[in-house]
Amino acid sequence: MSSQITENATLLRLATAGSVDDGKSTLVGRLLYDSKSILADQLDAVERVSKERGLTGTDLALLTDGLRAEREQGITIDVAYRYFATAERTFILADCPGHVQYTRNTVTGASTADVLVLLVDVRRGVLEQTRRHLAVAALLRVPHVVVAVNKLDLVDFSQDRYDEVAADIQQVGKELGVEGLTTIPVSALDGDNVVDRSSRTPWYDGPSLLELLVTIEPQAIPSEGSGRDELPLRFGVQYVLRPQQGAVSPEFVEYRGYAGQIAQGTARVGDEVVVLPSGRRTRIVGIDIAPAPGKESSRTEARAGESVNLRLADEIDITRGELIAAADAAPEPVTEVDAMVSWLADTPLRIGQRVLLKHSTRTVQAIVRDLEGRLDLNTMTPEPVEHLELNDIGRVRLKLASPVMAESYQTSRPGGAFLLVDAQQGLTLAAGMVNDPATPGIVHPQSAFNWAI
């Protein structure tokens, strides 16, 4: 496959996940090797280390296991990012650890992914860690999940065994509400169905893994069928630019702009917007970007993912943490949220615990008002608990000291995502997804409790 990148090549973010020894690093190494995305000196180094270890072939997992501890233990510990390209697409790949201890790293890698490539050893089938990773994918609403049923070479490329494992995976995915789930039979060690289709699986007529990855639509939201550009504008203010007497030029003395990244939607000059939580309405009168050679510093519109300065028609008191949103489709500020969380800390989560909630550019104090339970990964049903432990997925209700502009994660990934942070040590405690923003004074009845992720 040609690696010459075309002018219209699109970017796809993907993450890998799977249990220990399912072959994630080998698969990533095979992708890089067969797509000719590694340098000659990198390959020489891997071949040399493989020979020193007495291996008969090249251990492609060494291409991604960069830490000494990873190579010594033969496992991936930290998220390793790799970049490669085909003629149609460039890829940012997050190779996540498989050990249950490092599930938090999988959450980190999958949180920004368009595609989660989950590996399953065809001999072992669906494990608890497989269920956990699928639950994380469902929780984070990763747009596409591709399950590579690996090590087909160790079962003589048995279609019966593949079909059995694939059926189990689809059943778990259905129970969790995972959308867009695809299975592919592969042998990462030998390269079957990784980049090129294999002649050893004549019973499989689907695409190879790379063929599928170059055709998947990035950042599509299946439930809405639209990209981030087409959603209502959400712009969290990171910084207020008002140079006054410190301006480099007199023309900028009166400049007032609001810097940040467009989380979703499109900002256009002339659009009516609302500033939250104050609720003041105004219009966008200018969009500025950082000066660059050969490019205009002013724009008439900017799209999701771009970092810009917005200028507004009215002089409104706006500070970091406030939200500029489309006036006709703005979220409601709330002081209580009902959410699913993936608990990432060694210390347990308990009712009454005080934490910081970081939503977009806004950070507020919060208290855990209620703990509804956690997801039992064996039965895929909720069970009551008194606390959440490391890697548990549970449902909580949080009372906030100040309003945030939270939205349902099902309709807006940036609007529904948040972090819980330890107020004293600054450590990240949990990744959270808003289930249903609650307005002040409204208590959601227990009967409305919905565990569908």
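Start by selecting residues 128-140, helix H5: at 1.5 Å a residue its 13 residues should span 18 Å, and the end C-alpha atoms are 18 Å apart, in agreement. The expected span is 1.5 Å times one less than the number of residues. Helices (H or I, at least four residues) and strands (E, at least two) are DSSP runs numbered from the N terminus.

This is a predicted model, in which local features need pLDDT of at least 70 and side-chain atom pairs count only at pLDDT 80 or more, while totals for chains, interfaces and linings use all residues. Residues are numbered from 1 along each chain as its sequence is written, and side-chain values use heavy atoms, leaving out hydrogens and water.

**Around H5.** Twelve of the 13 residues of H5 are buried; buried means under 20% relative accessible area, exposed over 50%, and partly exposed in between (1.4 Å probe, protein chains only). Among the buried ones are Arg131, Arg132 and His133. Step past the end of the helix to arginine 141, which follows H5 and has a positive phi, near 50°.

**The sheet.** Next, show the open sheet of six strands, ordered E2-E3-E1-E4-E5-E6 with mixed pairing. Its edge strands, E2 and strand E6 (181-185), each pair on one side only. Two strands pair if DSSP finds at least two bridges between them. From one strand to the next the twist averages 25°. Select strand E1 (residues 10-18) and strand E4 (residues 115-121): they run parallel and are joined by five bridges. Leucine 14 has valine 115 in E4 as its bridge partner.

Contact means heavy atoms within 4.5 Å; axes are lines fitted to C-alpha atoms, for helices over the stretch in contact, and angles run from 0 to 180 degrees between N-to-C directions. H4 is largely enclosed by the rest of the structure, because six of its eight residues are buried. These include Asn105 and Val107.

**Loops to inspect.** In the loop between E5 and H6, select aspartate 156 and phenylalanine 157. Most residues other than glycine have a negative phi, and most peptide bonds are trans. Aspartate 156 has a positive phi of about 55°, as does phenylalanine 157. Aspartate 156 is exposed, at 70% relative accessible area, whereas phenylalanine 157 is buried, at 11%.

Threonine 86 sits in the loop between strand E2 (80-85) and strand E3 (89-95). Threonine 86 is buried, with a relative accessible area of 1%. Its side chain makes a polar contact with that of glutamate 88 (3.1 Å). A polar contact is a pair of N or O atoms within 3.5 Å; within protein, one must be able to donate a hydrogen and the other to accept it, and residues adjacent in sequence count only if both atoms are side-chain atoms.

Proline 277 lies in the loop between strand E11 (272-276) and strand E12 (280-288). The peptide bond from leucine 276 to proline 277 is cis, with omega near 15°.

**Confidence.** Finally, color by pLDDT, the predictor's confidence in each residue, from 0 to 100. The mean pLDDT of the protein is 83, and 86% of its residues reach 70 or more. Over residues 220-226 the pLDDT is below 50. Residues 438-449 stay under 50. Where pLDDT is low, the predicted coordinates should not be read in detail.
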